[in-house]
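Trainee: Could we go through this model together, one step at a time?
Mentor: Gladly! Have a look first, and then ask away.

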Amino acid sequence: MKVCRKHYDFINLCVSELDKAISQLAKPYQDLIDISVTLPGITEKSATYIIAEIGTDMTVFKSDKHLCSWAGLTPYAQI
C-alpha cells in the first residue's frame with residue numbers, strides 16, 4: 001500500500017504541475033476565457049480546453065455548423 005500511495009501522490013504532483021503549466025500558457029487568452037465562462041456549463045478549465053483545441057481564429061470555419069461538425073458534436077457531417 002505504501003508503494004501505491006507513493007505512486008498516487010506522485011501522479012497527483014504531476015497533474016498539479018501540468019495544471020500550472022497550462023494556466024501559464026493560457027494567460028494570453030484570459031480575456032477570451034473570461035467571456036467563455038459566462039456561458040452556462042462552461043468552467044475556466046473547459047474554456048481553456050476549448051480554446052486550446054479549436055483556437056481563436058473562427059474564420060477557418062465556414063459556419064457554426066461547420067465548427068460543430070468538426071468538433072464531432074453533430075450526428076452527421078454538415079460541412
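Mentor: Let's begin with a term: helices here are DSSP runs of H or I with at least four residues, numbered from the N terminus. Please also keep in mind that this is a predicted model.

Trainee: Thanks! In which helix is the place of I50?
Mentor: I50 is among the residues that line the largest pocket. Its place in the chain is in helix α3.

Trainee: Is I50 buried, partly exposed or exposed?
Mentor: Buried means under 20% relative accessible area and exposed means over 50%. The relative accessibility of I50 is 39%, so I50 counts as partly exposed.

Trainee: Now the pockets. Which element gives the most to the lining of the largest pocket?
Mentor: This pocket has a volume of about 250 Å³. Two elements give two or more residues to its lining: α2 (30–36) and α3 (44–54). With 4 residues, the one that gives the most is α3.

Trainee: How many charged residues does the lining of the largest pocket have?
Mentor: The lining includes L32, S36, T56 and M58. By class, it has 9 nonpolar and 3 polar residues, and the number of charged residues is none.

Trainee: And how many charged residues are in the lining of the second largest pocket?
Mentor: That pocket holds about 160 Å³ of space, and α1 and α3 each supply at least two of its lining residues. Among the lining residues are D19, E44 and K45. The lining divides into 3 nonpolar and 3 polar residues, with the number of charged residues being 3.

Trainee: Which residue forms a salt bridge with D19?
Mentor: Side chains of opposite charge can pair when their charged atoms come close. For D19, the closest N and O atoms of the pair are 4.0 Å apart, and the partner is K45.

Trainee: How many residues apart in sequence are the parts that D19 and K45 tie together?
Mentor: The salt bridge in question joins D19 and K45. D19 lies in helix α1 and K45 in helix α3, so the pair ties together parts whose separation in sequence is 26 residues.

Trainee: How many salt bridges are there, then?
Mentor: Besides D19 with K45, the side chains of R5 and D9 meet in a salt bridge at 3.2 Å, N to O. R5 and D9 are separated by about one helical turn, because they are 4 residues apart in helix α1. The number of salt bridges in the structure is 2.

Trainee: One last thing: is L73 buried or exposed?
Mentor: L73 is found in the segment after α4 (64–70). The C-alpha atoms of L73 and V37 are 20 Å apart in space. Exposed means over 50% relative accessible area, and L73 is at 65%, so L73 counts as exposed.

Technical notes:
Residues numbered from 1 in each chain as written. Predicted model: local features only at pLDDT ≥ 70, side-chain atom pairs only at ≥ 80, totals over all residues. Heavy atoms only, no water. 1 Å grid on protein atoms, 1.4 Å probe; cavity = no way out; pocket = protein on both sides within 12 Å on 5 of 7 lines; lining within 4 Å. Points joined across faces, edges and corners; volume = space filled by probe spheres on them. Nonpolar A, V, L, I, M, F, W, Y, C, P; charged D, E, K, R; others polar. Buried < 20%, exposed > 50% of the residue type's maximum accessible area, 1.4 Å probe, protein only.
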